[in-house]
Each structure stands twice: as C-alpha cells, then as structure tokens.
Amino acid sequence: MIAYPNCPLCASGTAIHQSNTRLAEITFMALGGGREIGANSFYYGVDGHGILIDAGLHPEKTGWAAFPSIESLAGNPVDHFLITHAHTDHLGAVPFVRQSFPDVPIYATSETIALAKIMLSNSASLLPKQHTQDVIDALPNYTILALPETLDKMQPLELGTSKELEGTGVKVTYYPSGHILGAAGVLIEHDGVKIFHTGDTSLHPQRLIGGAQLPEGPIDVLVSESTNGVVDAYLTHSRERELERLVGTINDTLAAEGSVLIPVFALGKLQEMLSMIGDAMRDGKIPKVPIYTGGMGRKISEVYDQFLTSRSRTNDVDKTSDIEQSELPRRDGLFDAKYFKEPSIVLAASGMMQDGTASYLLAQRWLRHAHFAICFVGYTDPRTPGYTVSHAEPNTRIRFGSMKRDVPVRCKIERFRFSAHARREELLEIVRRLQPKHVVLTHGDEKAIAAFGELILATFPEMIVSAPEVGKWYRLN
Ligand SMILES: [Zn+2]
C-alpha cells in the first residue's frame with residue numbers, strides 16, 4: 001500500500017474520497033491497470049450513469065486474471081464505452097466486456113477501428129495458447145463468427161471532436177495523445193466538472209506520430225498514465241541521440257558482415273523503427289541492405305499508410321510501403337533465410353521476445369554468432385525472455401522461455417530507448433499545464449506510481465494524489 005501525505009484515501013483508510021460542495025457525484029473504479037500495467041479498464045460513474053474507458057488483456061497473466069475485473073461493477077450500468085487506442089492491453093478485452101453489456105455503444109477513432117480489426121483477430125487467435133479450455137469455452141465473443149459483431153458496434157469518434165453521451169449529461173472530447181496512430185486522451189465534462197483521462201500518452205513527437213495535445217487548464221481531475229514514472233537516467237536520452245547510437249551499432253555490425261535483429265511490437269514500434277532506418281538508408285548513414293518485416297506488422301503498416309493525414313501523425317507523410325522490405329519467412333522458413341548469409345536488418349515481433357514469436361526463435365540462433373547484434377529498442381518486462389536476453393552478459397550461457405538447453409551469448413547485445421510514452425518530466429509537465437485539484441495515477445507499476453506521486457506532491461503540495469487499487473470505488477470530486 002502506498003501512502004500519500006495529502007491523500008484522504010490513504011489518511012482515512014477508506015476507498016471513498018471526502019465530498020466537497022459539488023452536487024454531481026463522480027465515482028471511479030479501475031477494473032484493471034490500477035498499480036500495474038495490466039488489463040487496463042476504467043469506470044466513471046456520473047450521477048447514476050456509467051462510462052467505461054478501455055478494456056485490455058493483461059500481457060503476462062493467464063486465466064480470468066488476464067481480464068478486467070468486470071464483476072467488481074456489481075450491477076452498476078455501463079451506458080457508453082470509449083476506447084483510447086488499439087494496443088491489446090487497452091482493447092483486447094472489448095469482446096469480453098460485450099458479453100456482459102452486449103448493446104453498449106463503443107466509440108473509437110477511425111484509425112483505432114481499422115487497427116482493431118487486426119488486433120482483435122490476433123488476440124482471438126492467441127487466446128487458446130494462453131488459457132485453459134474452460135476459459136476459452138466461456139468466451140463466445142472471440143470466435144471468428146462473433147468478432148465482427150464487436151467491430152460493428154464500434155462508432156467513429158474522431159480526434160479533435162466532441163460528443164454528448166446520450167442520456168448522461170456528459171460531453172466527451174478526444175485529444176490526440178501521441179503514442180500510436182489514432183490514440184486519444186479523453187476530456188470528460190459534466191455539470192461544470194472537468195476530468196482529463198490521458199490514455200497512453202507522449203508529449204514528445206516520434207518519427208510518425210506527433211506529440212499529445214491537451215485541453216486548457218485548470219481542470220478538476222487528471223487521471224494519468226505513469227509508465228515512465230521512475231526511469232533510470234540512461235533511459236531518458238533524446239530520440240536523436242539514441243538513433244545515432246543505433247545507427248553506429250548497425251554500421252559496425254554490417255561492416256563485420258553480420259546481421260542486426262531488432263525485436264519490435266507489431267503496432268507502433270515496427271512502423272517507427274522502419275521509418276527511422278529507412279531515413280538513415282536514404283540519407284546514406286547506413287548502407288543499403290535488406291530490411292526484413294513480416295506478419296501482422298505489415299498489415300498494421302498498411303493502416304498507418306491509409307491514415308497519412310490523421311491528426312495523430314507528424315507532418316511527415318511518408319508511406320512505410322515506400323521503404324523496400326523483404327518478407328520475413330514464417331516459422332518453418334525462419335532459419336533458412338538469407339539474413340544468416342548476408343548482412344541484413346530484421347525487424348521481428350515481439351518486442352519482449354514472447355515465447356514462440358519470431359524474435360524469440362531468431363534470438364536463439366543470433367546469440368551464437370559473434371559478428372551479429374541484437375538491438376532492443378523498448379521496455380522489456382522482467383518476466384519476459386526479452387529481459388533475460390537484453391540483460392545477458394557476454395560470453396555466458398543463458399536459457400529463456402521454454403528452451404530446453406542453454407545457448408552461448410556471443411553476439412553483441414545493446415539496449416536503446418525509443419519510448420512511445422511520456423518521460424517522467426513530460427508527465428509532470430502535463431500536471432503543470434492542466435493544474436488539477438486531484439491527480440489519479442494509473443498504468444504504472446508500484447515503483448513508478450510511488451515515484452511519480454512523490455514528485456507531484458513535492459512540486460505541487462496542494463494537490464491530492466491517489467493511486468487506485470483494482471476493484472475499489474473512489475470519489476473523484
Ligand atoms: Zn499503448
């Protein structure tokens with residue numbers, strides 16, 4: 001339990017904040033994503049009406065623990081359902097929520113709806129590998145026949161536009177939140193009360209995706225993500241410096257006739273890395289060698305190319321399809337491909353080398369080659385093979401995932417940070433600009449939330465900071 005000196009929740013030991021003079025009661029519950037980065041899902045109760053934001057799948061847990069705690073709502077209504085963006089930890093449980101609330105309208109940006117078609121069918125195809133049969137049997141909305149019903153329920157709510165949520169007296173506005181294509185932060189307004197829900201956000205622009213835009217402050221409540229709430233200094237390097245370092249490692253490896261493996265998330269990180277490497281090749285900073293991409297990532301790149309003028313994008317309107325790419329073979333062909341014979345760059349999912357994915361399988365071979373390199377470009381959870389490999393010492397032997405034998409660590413292994421999330425200083429900047437009375441911290445591990453909470457209170461002692469637990473009610477105003 002984290003205690004914040006100014007938080008009445010912590011001081012009173014109750015999950016309900018003290019009421020002030022406002023009449024409209026706004027309550028809040030994290031159904032997932034409270035003190036963790038998990039099955040993100042957040043409920044706002046406004047004068048007897050319910051608004052749900054996101055429903056994600058927990059990337060590491062199995063069984064019902066991987067789903068939002070919808071049972072905690074215990075009879076409270078869900079009248080409107082908003083999706084901030086298409087990452088699985090925010091979207092993957094939407095069909096599950098619809099089993100309890102089949103007729104609730106779902107709002108998302110056109111970009112998110114287009115991405116959801118790919119992401120939800122991927123989630124559905126992975127479920128049987130991650131869960132026992134009794135769980136699968138209880139998930140009828142994830143079948144190939146049922147998935148389109150969920151997609152049909154999704155209605156576009158575009159970045160920069162507002163909507164009155166019927167029957168609730170609530171107005172919501174979608175702000176570009178940076179992060180990935182189509183991602184939104186949500187301003188919720190009711191009876192003079194303003195709440196801003198950041199979603200996953202980044203103030204700094206990336207290569208393809210622009211920085212977040214914010215509503216005007218002051219507001220009453222900020223519900224903020226906290227991913228980078230505590231981050232080692234070496235991870236806060238600028239994107240330009242990290243790119244320079246990456247280009248250096250790629251050049252050294254290619255000059256030694258080796259190949260570079262870059263594990264990436266198929267949504268967001270692949271498109272960003274592909275574009276940056278494409279730029280470097282075009283500008284002569286790295287030699288022209290084959291770039292391998294494949295699978296779901298390529299389909300997602302097509303959606304990025306469909307939305308060149310999206311409000312979430314930077315002004316660079318380059319298509320990823322303009323960058324020459326070789327097809328990464330499917331599982332059986334992975335070990336016969338040319339990247340083992342000629343210098344190449346391989347962008348392979350998953351970013352954390354989850355068991356059975358292309359990057360996981362390739363790493364086992366890559367590690368044996370002293371002139372090869374593996375470049376990690378994002379966060380790896382300590383429970384994943386990606387963490388084991390990215391932290392491996394040279395000239396040792398390691399084993400990860402379901403491997404039966406150790407493998408020698410001979411290749412070069414480097415870590416880079418190209419975060420699609422706000423840095424610690426940016427998170428504080430959001431608080432500074434919005435001047436909320438109350439900050440609710442979500443979407444971060446306990447350390448990140450504690451460190452960011454303390455930073456906020458040290459900078460703005462008059463603010464209330466709370467860190468909700470999953471399944472508990474909080475009063476926001
Ligand atoms: Zn995300």
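Modeller: Gladly! One term before we start: a nonpolar core is a set of buried Ala, Val, Leu, Ile, Met, Phe, Trp, Tyr and Cys residues joined through C-beta atoms within 7 Å. Keep in mind that this is a predicted model.

Biologist: Thanks! Which residues touch the most other members of the largest nonpolar core?

Modeller: That core holds 127 residues. Domain 1 (8-231 + 420-475) and domain 2 (238-415) both contribute to the core, so it lies between them. The residues touching the most other members are Ile262, Val346, Leu347 and Ile374.

Biologist: Which helix gives the largest share of the side of domain 1 that touches domain 2?

Modeller: The domain centres, taken over C-alpha atoms, are 30 Å apart. The contact draws on 23 residues from domain 1 and 21 residues from domain 2. Six residues, the largest share of the domain 1 side, belong to one helix, spanning residues 110-130: α4.

Biologist: Which strands stand at the edges of the open seven-stranded sheet?

Modeller: Its order is β6-β5-β4-β3-β2-β1-β22, with mixed pairing. Each edge strand has a single partner, so one side of it is left without a neighbour in the sheet. Those strands are β6 (154-156) and β22 (474-475).

Biologist: And what is the bridge partner of leucine 82 in β5?

Modeller: Strand β4 (residues 80-82) pairs with strand β5 (residues 106-108) in the parallel sense, over two bridges. Helix α4 lies across β5 and β6. In β5, the partner of leucine 82 is tyrosine 107.

Definitions and conventions
Residues are numbered from 1 along each chain as its sequence is written. This is a predicted model: local features need pLDDT of at least 70, side-chain atom pairs count only at pLDDT 80 or more; totals for chains, interfaces and linings use all residues. Domain bounds come from an automatic or database domain assignment. Two residues are in contact if their C-beta atoms, placed from the backbone, lie within 7 Å. Helices (H or I, at least four residues) and strands (E, at least two) are DSSP runs, numbered from the N terminus. A residue is buried if 20 or more other C-beta atoms lie within 10 Å of its own, exposed if 12 or fewer, and partly exposed in between; C-beta atoms are placed from the backbone. Two strands pair if DSSP finds at least two bridges between them. Axes are lines fitted to C-alpha atoms, for helices over the stretch in contact, and angles run from 0 to 180 degrees between N-to-C directions.
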